[in-house]
Amino acid sequence: MFGTRLSPLISRRLVTIIGLGVALPALVLAGLGIYLTLQIARAVEDESARYNSYMALQVGEAFEQELMSVLRRSITRAENLSRTGADPVAVQAAIESETGEFQGAQLVPLDDLDGFSLLIVESQPLLFAPGEGDRRGQYFVGLLLRGPDGQVTGAGGWWMDPRGFLVRHLPAVTQDRLPSNPRLYGGFESTRRLSVTLFAGFGQVLARVREPGNLRTARTEPLVGPFEGCAVRVAATSNAPAVWTTRFVSLEITFISLMGMAIVLATAFGLRYTIRQLELAQIKAGFVSNVTHELKTPIALIRLAVETLEMRRVGSPEESERFLRSIGRETLRLQQLVDNILDFARLEAGQRVFRFEDVDLLAVVHETVESFRPRLEHQGFRLDLDLPPSLPAVRGDATALSHCLLNLLDNALKYSRTQREVGVAAAARDGAVVVSVTDRGIGIAPGDQRRIFEKFVRLDTGLVHDVKGAGLGLSLVDQIVRAHGGHVELESRPGEGSTFTLVLPRAGGAEASQADSRQRTGS
Ligand code: ADP
């Protein structure tokens with residue numbers, strides 16, 4: 001392509017400088033930001049999970065302490081009696097009198113303690129044994145009793161429903177027994193921001209203190225001793241630092257990603273804009289040199305012909321005729337170029353005024369083709385006309401439409417090689433009138449078929465350096481036809497030729513009135 005592509009040097013240098021200089025460091029920084037934030041988030045979550053696991057163990061121990069304290073309170077009288085050497089009946093009676101929240105008070109003689117398990121709670125032995133038969137699901141829990149000489153005489157205790165105990169004592173345990181000294185986040189974390197859930201077997205929830213805010217860092221620990229089979233899960237509540245740190249981290253990652261994207265987009269758009277500006281500068285330079293060349297060539301030819309005629313250097317009347325025809329041809333070429341440039345300038349400035357009236361397109365086609373015929377014949381082109389006897393009128397500006405047709409004919413001539421045939425056809429088609437110009441020239445690749453209607457675009461066809469042009473013709477045709485409420489269709493195959501079709505709405509149709517309202521066009 002000529003005129004719209006930057007030289008590879010400029011574009012590559014720009015992409016390298018701007019891309020590497022701005023976008024890459026920004027992306028690297030954004031990536032680093034996300035990586036570090038994720039690391040921090042992971043560290044916070046790990047720490048929170050560790051804390052929850054520690055607290056779950058603490059809850060288990062707190063229940064054991066609570067049980068021990070209830071037992072201690074209840075057994076005091078029996079202990080005192082045992083120490084004074086009272087008989088077992090009196091000790092049993094003392095235990096029964098302190099039943100409290102338990103039932104089935106018992107004094108177990110030393111010999112019967114073999115089947116009992118032992119748990120040391122706060123350096124004191126807690127005895128327990130699972131119940132059987134009617135007592136299934138219950139546990140016997142008790143403390144050792146000693147005689148006057150300090151010897152263990154047996155144990156006194158009660159039957160307890162462990163699940164009932166857990167449920168009843170959960171609020172007290174979490175409130176009073178958990179270590180409230182925070183271990184995390186410089187004193188931020190506290191037991192007030194913990195959710196504690198008690199589970200019986202198979203994940204059945206027994207009781208809960210506060211709702212969990214994040215289950216990812218929740219940790220579950222099994223309970224032991226008389227509470228075996230149950231478990232406690234500790235999680236952070238929604239106002240815990242671990243939870244809002246995670247939330248903050250997701251926000252930050254979203255923010256960093258958006259910033260990264262914005263920087264990449266801004267760089268891409270900036271880059272595109274800069275390249276476009278450079279392209280435009282190059283296009284302008286190309287346009288000026290094209291137009292200068294386009295103007296100079298016919299002027300030089302005209303001057304040469306005029307000078308030759310003035311000096312009467314022509315040998316025969318046929319020769320002078322040939323010079324005069326050349327002057328006429330070159331003047332026409334000049335006129336067309338100047339018309340194009342002026343039209344283009346007016347359209348760009350929004351000052352092109354179309355005089356809309358009912359136009360007999362057939363007459364416009366005939367007139368334009370006839371005015372062009374000498375050029376066609378001079379260059380050895382065959383002209384095929386396929387025109388109907390009459391056509392519905394279109395609403396439009398006859399001069400502008402003739403100008404369009406002239407540009408298409410001019411291109412058909414310019415972009416043909418050895419197959420010198422041009423066809424002009426017109427027909428009525430679904431509420432529109434169409435005029436087409438066909439050539440058997442070099443054709444246009446599908447990828448270029450839209451771009452050629454842009455201003456200043458000239459394709460690098462191999463012919464372009466021999467064939468003159470400013471890259472304005474098709475852009476004008478397109479703008480003029482659209483100002484008429486119509487459009488241009490293109491069918492083309494490289495190496496086989498092209499057909500450009502002007503589709504114009506018939507006079508009186510909806511599209512025509514739309515065109516009326518746009519008589520004064522902008523760029
Ligand atoms: P110009 O002919 O002055 O270069 P145009 O706007 O008329 O400008 O055409 C733009 C480009 O489209 C041309 O440079 C040429 O590459 C391509 N083109 C136009 N008409 C034809 C055609 N009939 N066959 C092949 N290529 C064409």
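**Definitions at work in a predicted model**

Q: Why is Arg210 called partly exposed?
A: Arg210 has a relative accessibility of 37%. The model is a predicted one, and Arg210 is placed in the loop between strand E7 (205-209) and E8.

Q: What makes the phi of Arg210 worth noting?
A: Its value is near 65 degrees, which is positive in a residue other than glycine. Phe456 is likewise a residue other than glycine with a positive phi, near 70 degrees.

Q: Is Phe456 buried or exposed, and how do you know?
A: The relative accessibility of Phe456 is 14%. Buried means under 20%, so Phe456 counts as buried. Phe456 belongs to the loop between strand E14 (432-439) and H8.

Q: What makes H8 largely enclosed by the rest of the structure?
A: Of the 11 residues of H8, 10 are buried, so the helix is largely enclosed. Among them are Gly473, Leu474, Asp478 and Ala483. After H8 comes Gly485, with a positive phi near 80 degrees.

Q: Why is Asn214 called buried?
A: Asn214 has 12% relative accessibility. Asn214 lies in strand E8 (residues 214-222). From Asn214 to Glu45 the C-alpha distance is 10.0 Å, although 169 residues separate them in sequence.

Q: How do you know whether Leu362 is buried or exposed?
A: The relative accessible area of Leu362 is 6%. With buried defined as under 20%, the conclusion is that Leu362 is buried. Leu362 is part of helix H6 (residues 361-378). Its C-alpha atom is 8.7 Å from that of Ala393, a residue 31 places away along the chain.

Q: Is Thr237 buried or exposed, and what makes it so?
A: Thr237 has a relative accessible area of 5%; buried means under 20%, so Thr237 is buried. Thr237 is located in the loop between strand E9 (231-236) and helix H4 (241-310).

Q: Why is the pairing of the side chains of Thr237 and Asn239 called a polar contact?
A: The distance is 2.7 Å. A polar contact requires a pair of N or O atoms within 3.5 Å, one able to donate a hydrogen and the other to accept it, so the pair of Thr237 and Asn239 qualifies. A polar atom of the Thr237 side chain also lies 3.1 Å from the backbone oxygen of Arg193.

Q: What makes up the shell around the ligand?
A: The shell divides into 10 nonpolar, seven polar and three charged residues. In total 20 residues surround the ligand, and Asn411, Tyr415, Asp439, Arg458 and Leu474 are the closest. Helix H7 (398-414), helix H8 (473-483) and strand E16 (497-505) each contribute at least two residues to the shell. The space that the ligand takes is the largest pocket.

Notes:
Residues are numbered from 1 along each chain as its sequence is written. Side-chain values use heavy atoms; hydrogens and water are left out. A residue is near a molecule or strand if one of its heavy atoms lies within 4 Å of it. On a 1 Å grid over the protein atoms alone, a cavity is a set of points where a 1.4 Å probe fits but cannot get out, and a pocket is an open set with protein on both sides within 12 Å along at least five of seven lines; lining residues have an atom within 4 Å of a point. A molecule sits in a cavity or pocket if more than half of its atoms lie within 2 Å of its grid points. Helices (H or I, at least four residues) and strands (E, at least two) are DSSP runs, numbered from the N terminus. Ala, Val, Leu, Ile, Met, Phe, Trp, Tyr, Cys and Pro count as nonpolar, Asp, Glu, Lys and Arg as charged, and the others, Gly among them, as polar. Buried means under 20% relative accessible area, exposed over 50%, partly exposed in between (1.4 Å probe, protein chains only).
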